[in-house]
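Thanks for coming, everyone. Please take a look at the structure on the screen, and I will walk you through it.

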Amino acid sequence: MMQAPRIQALPLAALLVFTTSTVGAQSIAYPDKPIRMVLPFPPGGGTDGLARVILPKMSQALGQPIVIDNRPGAGGIAAAELVAKSAPDGHTLFMGSSTLVTATPSLLKLPYDSLRDFSPVTLFGTAAFILAVNPQVAASSVSQLVSLAKAKPASLNYASGGLGSPLHLCGELFKSRAGINLVHIAYKGGAPAATAVIAGEAQILFGSFAATLPLIRAGRLRALAVTSKTRAAVTPEVPTMMESGFPDYHVQAWASFDAPARTPEAIVQRLYSETAKAAFLPEVIDLMNKIGYAPANNTPRQYAEQKRTETAMWAKLIREANIRGE
């Protein structure tokens, strides 16, 4: 009578071993087809260039091609929605920026939830913005610019890459911290904003390194400060906003990867691990430095926390500045 239970238990034990092996095989098999990386940026930009350096390194490690799908426009909403609504199998990913969770969720009604509808993979690169002015502006430092703005309220315009863009919010944060009144003019991207400052339509710009640094080096714009905690390696002569009298002014752009929500943790961890390795390869670091980025190694949990923190910070600024979506 004691043998019957044993005989019945053997198939169950075999089934458990088989199931465990199958799950393990599935996780090891990822990826089993090409990966689609959706970018909310046009080809040729700084972030697109970064993708084309880091993704081949990841592709080699993962054993499958990673195909870039550039889908610019609409503030990155279309690209993000595509990924948010994709199958959570790790084969459709989003290469995003701080725009994903900063202004857009606070200004617009989105077809997805910026926090709940994505599985954070990693934040792998950070960059500062540059505060620059038209060379005709009588200011060679941030303090001189503040004095000029206070002497003539609402007489200086600052250009941005669009309502709610990081460049816009950098300007609003500057206004708030300095207690000055600047007039915001929105353009369709960072490059047109920089062109407007060069032409004198606006006098001030917070720009990306990729779009702004060549113009600074050509003498068409004057750099006053960078928004990172430390000076940028590519512009060591330019002080930080913190050094310039604003100890609580620290803003970063970032490059990151997200997967659709409910992507298995094993896949997220594999992607994080390979991204972290690729981001610190010498040739990737060199490219990052050239466009003002530095490598980072945020775990999925750290990245998720940064998204939550920055979303709350920018939402507060947007409320206080009474910025409204169009």
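Let's start with one residue. Is tyrosine 249 buried or exposed? Its relative accessibility is 0%, so tyrosine 249 counts as buried. Keep in mind that this is a predicted model.

Who sits beside that tyrosine? The ring of phenylalanine 206 pairs with the ring of tyrosine 249. Their centres are 6.2 Å apart. Their planes are at 15°, so we call the pair stacked. The cut-off for stacked is under 30 degrees.

Now look at where the two partners come from. Phenylalanine 206 lies in strand E8. Tyrosine 249 lies in the loop between strand E9, residues 222-226, and strand E10, residues 253-260. The two are 43 residues apart in sequence, so the pair ties together separate parts of the chain. Phenylalanine 206 is buried too, with a relative accessible area of 1%.

How many aromatic pairs does a search of the whole structure find? It finds seven. Here is another of them. Phenylalanine 174 and phenylalanine 206 are edge-to-face. That means 5.9 Å centre to centre, with 70° between the planes. This pair also links distant parts of the chain. Phenylalanine 174 is in helix H6, residues 166-178, and phenylalanine 206 is in strand E8, residues 204-208. They are 32 residues apart.

Phe174, Phe206, Phe246 and Tyr249 form one aromatic cluster.

Stay with phenylalanine 174 for a moment. Its relative accessibility is 0%, so phenylalanine 174 is buried. Leaving out residues up to four places away in sequence, its contacts include Leu131, Val142, Leu145, Ile180 and Met241. Phe206, Phe246 and Tyr249 are among its contacts as well.

In soluble globular proteins, nonpolar side chains tend to be buried together. Here, the largest nonpolar core has 64 residues. Which of them touch the most other members? Leu145 and Phe174 do. Helix H9, residues 265-279, gives the most to this core, with seven residues. There is also a second, separate core of 20 residues. Ile130, Ala193, Phe209 and Ala232 are included in that one.

Next, the loop between E9 and E10 again. Threonine 235 is placed there. Threonine 235 has a relative accessible area of 3%, so it is buried. Not counting residues up to four places away in sequence, threonine 235 touches Phe209, Leu213 and Val226.

Zoom in on strand E5, residues 129-133. E5 and E8 pair in the antiparallel sense over five bridges. Within that pairing, phenylalanine 129 stands opposite serine 208 in E8.

Now find strand E4, residues 118-127. With E10, strand E4 pairs in the antiparallel sense over eight bridges. Leucine 123 stands opposite serine 256 in E10. Alanine 127 has alanine 253 as its bridge partner in E10. With E11, strand E4 is again antiparallel, over three bridges. There, threonine 126 stands opposite alanine 294.

Why do we say E4 is largely enclosed by the rest of the structure? Because 10 of its 10 residues are buried.

Last, the helices on this sheet.

Note on methods: Residues are numbered from 1 along each chain as its sequence is written. This is a predicted model: local features need pLDDT of at least 70, side-chain atom pairs count only at pLDDT 80 or more; totals for chains, interfaces and linings use all residues. Side-chain values use heavy atoms; hydrogens and water are left out. Rings of Phe, Tyr and Trp (its six-membered ring) pair if their centres lie within 6.5 Å; planes under 30 degrees apart count as stacked, over 60 as edge-to-face and the rest as tilted. Helices (H or I, at least four residues) and strands (E, at least two) are DSSP runs, numbered from the N terminus. Buried means under 20% relative accessible area, exposed over 50%, partly exposed in between (1.4 Å probe, protein chains only). Contact means heavy atoms within 4.5 Å. A nonpolar core is a set of buried Ala, Val, Leu, Ile, Met, Phe, Trp, Tyr and Cys residues joined through side-chain atoms within 4.5 Å. Two strands pair if DSSP finds at least two bridges between them.
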